[in-house]
Amino acid sequence: MGKEALQNLLGPLDDASHAALLEKARRATLQRFGRTVQIYAPVYLSNECVDTCLYCGFSRTNRIPRRTLTVDEVVAETRHLIAQGFRHVLYVAGEHPLHVSPDYLESVLHSVRPLLSSVSIEVAPFGEGVYRRLAAAGLDGVVLYQETYDRSRYAEVHVAGPKRDFEKRLSHLEDAARAGIRHMGMGILLGLSDWREDAVALVGHVRRMQKRFWQSEIAISLPRLRPCESDYAPPHPVPDRDFLQLIAALRLALPDVGLVLSTREAPALRDRLIGLGVTRMSAGSRTEPGGYLHPEESLKQFEIEDRRSPADVAAAIEKKGYEPVWKDWENLL
Ligand code: SF4
């Protein structure tokens, strides 16, 4: 699909064309991914962060209690998720070179990898050498969102810290791919900039990555900005109708790419999206370190909307005629 065709899919649509697009996306998803939806959960390792990002609850200048889990605490949180059925866990942390160092992550991976089918991280970016070390310790996925491809908005919201370097952030995903990490997570933070322009840029970035690193499997995530400690009002809020259009358009533009949906979204909308472009959903998430065993509202990164238990989310998937998959099925092939 060329740039013009993509721009047409993303352009303003009347109700009939909007409905037709969603139906096309539903059929394309069924054809490529079958009747399965993978379920995963995040474990928040730390809310320490050296960056100032205006939209994030963990931003350095926010006066919130800070903590980093010990490796034993990480294992306890992981076991709690395993008891609920999860075998695919995403470990999340703010950017902090001392608290969330390569050594710390290596210890976490050595402890949790034998318990799980698939382990990904969404933490500070590293260079190729560190990614190689982490891959050797069992890491198989790296999630690194560019947040927005609009450089001036990027500079405006990333006020201080290493994340402020737009180009460097772009290059780190390539470092991970070169290090042999197989699963790549990419994405934009909806609400920061014009979603249509960001989507065109994201598709271009994904295609460049696919061309250069054809062995990597890419999934994209489209979180919408949620209320958090930072009290940041999104300059470009994305209504539900546009959000549905975006997911459907990306499904058609990138037919082989997984689409991830988080618990930031409300249950009714999440249920509507089952089978409609989305291939992976988080469930039962807590967004603060230690949140599964010791919930502590003041530590969290953002508010979640879908507060259903993992079992309830799995039941909702089944009700739609799809199968919830708790393992990374690709690894079983
Ligand atoms: S978005 Fe990431 S880097 Fe920025 S403040 Fe939040 S945790 Fe830190």
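In which helix does Arg27 lie? I looked this up first, and Arg27 is in helix α2 (residues 15-33); helices are DSSP runs of H or I with at least four residues, strands are runs of E with at least two, and both are numbered from the N terminus.

**Conventions.** I note that this is a predicted model, in which local features need pLDDT of at least 70, side-chain atom pairs count only at pLDDT 80 or more, and totals for chains, interfaces and linings use all residues. Residues are numbered from 1 along each chain as its sequence is written, and side-chain values use heavy atoms, with hydrogens and water left out.

**Arg27.** I recorded a relative accessibility of 49% for Arg27, so this residue counts as partly exposed; buried means under 20% relative accessible area, exposed over 50%, and partly exposed in between (1.4 Å probe, protein chains only). I also checked Arg27 against Lys300: they are 273 residues apart along the chain, and their C-alpha atoms are separated by 37 Å.

**Tyr55.** I located Tyr55 in the loop between β2 (52-53) and α3 (71-83). Tyr55 counts as buried because its relative accessibility is 9%. Between Tyr55 and Leu225 I found a C-alpha to C-alpha separation of 7.6 Å, at 170 residues apart in sequence.

**Cores.** I then examined the largest nonpolar core, which has 88 residues; such a core is a set of buried Ala, Val, Leu, Ile, Met, Phe, Trp, Tyr and Cys residues joined through side-chain atoms within 4.5 Å. Helix α9 (residues 240-253) gives the most to this core, with nine residues. Leu222 is one of the residues with the most contacts inside the core. Leaving out residues up to four places away in sequence, Leu222 touches, among others, Ile188, Leu202, Phe243 and Val260 (contact means heavy atoms within 4.5 Å). A second, separate core of 20 residues includes Tyr40 and Phe302.

**Two loop residues.** I found Glu147 in the loop between β5 (141-143) and α6 (151-157). Its phi is positive, about 75°, although Glu147 is not a glycine. Most residues other than glycine have a negative phi. Glu147 is buried, at 6% relative accessible area. Ser216, in the loop between α8 (195-212) and β8 (217-221), is also buried, at 16%.
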